[in-house]
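Here's a quick tour of a protein model, from the whole chain down to a single residue. Keep the viewer open as you read.

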Amino acid sequence: MNAANAGRGDGPSRRSAHGRSGAARLQALIAQDPDRGDTEVLLAALQQTTAELGGLGGMAHLPVLGIRRSALRLVASTGLPGTFTRLWDTISDAGNSAPARVHREGGCLWLPTVEVPEQMSGKPPVGRRHAGVPADVGIASVALPGREEPLGVLSVLTLRTDGEPEEEQWVFLQEAARWAAGRVRLTTPRPEGLSPDLLGEPEPGPEAAAAEGGAEPEAGEAGAPWTWDWDLSTGDFAVSERMLETLGIRRKAVDWVETWGDLIHPDDQPSVIHGVEEVLRSPGPYGAEYRVRLADDSYVWLRARGRVTVDDAGTPVRMHGTFRDTTQAHAALEPVGRALRHMTDGFLAVGADWRIEFVNVTAEALLGSPSGLVGELLWDVPVVREVPELEERCRRAAAEERPAGFDVPWPGTDRWYHLRLVPVPDGGITLYITDITERRLREAAERAAAERAELVGRLTRHLAEAVTVQDVVHAVVEGVLPAFGASGLVVFELENDRLGVVGISGYTPEFRDRVHGQSVDARTPLGESLRSRAPLFIESADAYAARFPETAELAAAGGKQAWAFLPLTISGRDIGVAVVSFDQPHRLGGDERTLLTALSGLVAQALERASLYDEATNRARALQRALLPRALPSLPAVASAARYLPAGLGTEVGGDWYDVIPLSADRVALVIGDVMGHGMSEAATMGRLRTAVRTLSDLELPPEEVLAHLNDIVSELGEDRFATCLYGIYDPVSGQFEYGSAGHPPPATVHPDGTVTYPTLVPNPPLGVAAPPFDTVETHLPDGSLLALYTDGLVESPHRDIDVGMDHLARILRTARSDDLDALCDTVTDTLLPADRGTGDDAALLIARTHRLAAESVATWPLPEDPIAAGQARDHIRAQLAAWHLEDLEMTTELLASELVGNVVRHAKGPIRLRLLRSRTLICEVSDGSLTTPHIRHTSTADEGGRGLQLVAAMSERWGTRYTPEGKCIWTEQRIPGDPAA
């Protein structure tokens, strides 16, 4: 769009997204503060137009006259790098750049390329592009409308791929330009009408004013500035005559270096000289404010603004600008300065060059120098260099233009200070230094109190959860010793004027043995603390030896250097002493002593409660051990081992039990059970069931009948009583194992080849809810097989399903060595129930290895139902015992067999069988088809019969009757002479 089309956007705009956003942006411009300066007005217009066009950045140029050629000066920019804007700082009004053409022709213009503009020097551009801006960039420029000609130009750089701005965007550009032209203070495009703050350019000097035919304005007239001009080649420094007269400065024209510099206040000279040197190295706008001495030796504050002029080679040749009298402003700030000077907090003002510009009395004292700090580099102050991270934090705060604060210990003192870093707009920074020592001490005290409260609360919770005395000791070791930096603990319990060690940590076992069982002697620290019922604190080994020389050697044997003896008293009763010790000499403060005294009361209560629990638990455990078998019998047919593991949690005993019961004919009954629940009542029920099983086994009842009787017993105990039980009988002659289960997990069978099997039969309901008859299982066991009977506490837990536990048990039985049954039991229990993982249920395990009776040790004969059967029985016995080399037992065995067979012939019925078993004893059995049970009778001297069973009982070790599927069997046992096992 060219100047001829400048009115393109004057018609009604389309209602598009651009139109709506442009209207909102225009409203934002209209709402700007009317007191904003010219630079802020132009920047606001540039920011909104750049955003509306989606551009990269923008520039604002105003015309400047008074030099040889007409020029446009860059007065504001946004979003563009310095490498770009420096080429557009002063451009020719007669060139072909978009801003120049729009300023000449008016309206607006878009060019698809951005080239280096023609400079006032008239030299050709070095290149067609400039660093910092992409090559595919276009430029859109719009005139700032004036009464006769444009006041200036607004330009926006856009991507060429976006093309020329749309109609609504041109409309917004023109409206923004109209708004900016109406808000700047310019009425004509003449340089003397421009705000110096806007241009960064000095007003014309006295010669320029005279050339225009006007007089230099007074400084008092609307605050108009005075001018100054410095010829860098000659050193001449010309200032306004009016300023010299008004302020009373003696010299009219002075040399900058030799004369004007002498008028500057000594405190201000370093910063003024530094500022001049910087602007000469990098020509650009110049600004400074300093004090100048008057004729009466008083000082006035002047604010200098100016710019450096360079020649065609870029060498600075001239500086010119304006002065303003700012004395009144400084006078208004003097109360503030006095307040800052004497405020209790330290205060420093640091310039952009990191030189100290202001320091108050408090900061001077902290920095260690009462004077001479102003003008110094902040980093050259020795104390500043010692403050941790101060330089890094200051530079970061200045770069980010964000306040920051942090606490530091002040070097060389025991005080703490808070440093507040506040950046200021001109690039400097202010430091506020506040003494926070008291606050930190208060916070430290509050933290210590909170930590003590937390320690007491944590220890209270742990002691409340402690069940046993060892739990109490562990809670003290974990909760108290680290909090006080202690390394040792001994807890003594008082019993019968003796102090026994119930808990110890940080000492050797030998030392425990030495201090265990001490008497309560007032000449020892233990006795003195108990007698006085007051804590006793000893801070060193020397102090201990001086006070208690008789036990100094014993104390030294423990390897500790400081001690706290805390009496444990509850309800006016002494229960013991707790000794907290330290590896090095240690003095406890008042708060620490008070806290330890309070904690000793908590420990005493927990220890009393735990002692009662331990006592009750020990009694319950003793009862349970009494109810379980003291030792398993050694039997020819079965070798066995068992384990009982009490529950790791709670205070109650359980109802798990097991037993191995010898039966006739070397048969063995294996039984295991679990009374549901925990407590003394459950333990008593377990004892009743085990006694009942023993009684029923003596009656030689089969498994189903034993379970039926047990079910009746449990049912009579109440509806809330339940128990599981597995009862089985192993016969070493046949190798059969017959068992019945009432709600109990099935046994695991380990065959000689290592395979492990579980029966698939579904168990009957538990005792107490079952309804007989009970199903039984009969399985054949090869010689050397293993049977594993267990309760659910071994294989089941809240974290493990019973099926998973049974599979785990099978793997252990399959892989573990089985030659030592006790070791096998330990392996199973240690694996399934690790010691470091408590269990909520007790568990029992019974492992039995089965042995077959050799075939040559078994002899069986049928007998006729005739009186001659007794004679045949004697013949068979005589021959078999001779074959077994047991001739010494022939007479007794013949008599026993004759009596038993004779009774069967007279009182029972057939078929009749005779069986001899050679095992650890000689077993003689006579079987018949009758269910009549023989009984020993009391006979008189006149009775001719009834003495047969009395003879049997007298001549055998044991005898009895058992029922078989065919009838009954009467058996006797005799000790084999010379058998070590017998």
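## The chain as a whole

Among contacts in the protein chain with a separation of 6 or more, 60% are between residues 24 or more positions apart; a contact here means heavy atoms within 4.5 Å. Buried residues make up 45% of the 982 residues in the chain, where buried is under 20% relative accessible area, exposed is over 50% and partly exposed lies in between (1.4 Å probe, protein chains only). The accessible surface comes to about 47,500 Å², with 51% of that belonging to carbon and sulfur atoms; these areas are from the Shrake-Rupley method with a 1.4 Å probe, and for residues only the protein chains shown count as cover.

Some housekeeping: this is a predicted model, in which local features need pLDDT of at least 70 and side-chain atom pairs count only at pLDDT 80 or more, while totals for chains, interfaces and linings use all residues. Residues are numbered from 1 along each chain as its sequence is written, and side-chain values use heavy atoms, with hydrogens and water left out.

The protein chain has 30 helices and 38 strands. Both are DSSP runs numbered from the N terminus: helices are H or I with at least four residues, strands are E with at least two.

## An open sheet with helices on it

Look for the open sheet of 6 strands, ordered β20-β19-β18-β23-β22-β21 with antiparallel pairing. Two strands pair if DSSP finds at least two bridges between them. β20 (518-519) and β21 (536-538) are the edge strands, each pairing on one side only.

Helix α16 (residues 469-479) lies across β18 (488-495) and β19 (498-505), at about 55° to β19. For such angles, axes are lines fitted to C-alpha atoms (for helices, over the stretch in contact), and values run from 0 to 180 degrees between N-to-C directions.

## Helix α22 and its partners

The axes of α15 (residues 437-465) and α22 (residues 590-627) come within 10 Å and cross at roughly 10°, so the two are roughly parallel. That label covers angles under 35 degrees; over 145 is roughly antiparallel, 65 to 115 roughly perpendicular and the rest oblique. On the α15 side the contact includes L455, L459 and L463, meeting α22 residues that include L595, L599 and L602. By class, it has 10 nonpolar, 1 polar and 3 charged residues. Ala, Val, Leu, Ile, Met, Phe, Trp, Tyr, Cys and Pro count as nonpolar, Asp, Glu, Lys and Arg as charged, and the others, Gly among them, as polar.

α22 also packs with α23 (residues 680-698) at about 10°, with axes 10 Å apart, so this pair is roughly parallel too. Here A620, L623, Q624 and L627 of α22 meet M680, A683, M686, G687 and R690 of α23. The class count is 6 nonpolar, 2 polar and 1 charged.

## A hairpin and a buried threonine

β10 (residues 285-293) and β11 (residues 299-310) run antiparallel, joined by 9 bridges, with R291 opposite W301 in β11. They form a hairpin with 5 residues between them, and D297 in the turn has a positive phi of about 65°.

Finally, find T961 in β37 (residues 958-964). T961 counts as buried because its relative accessibility is 18%. Leaving aside neighbours within four places in sequence, T961 is in contact with E700, P934, K968, C969, I970 and W971.
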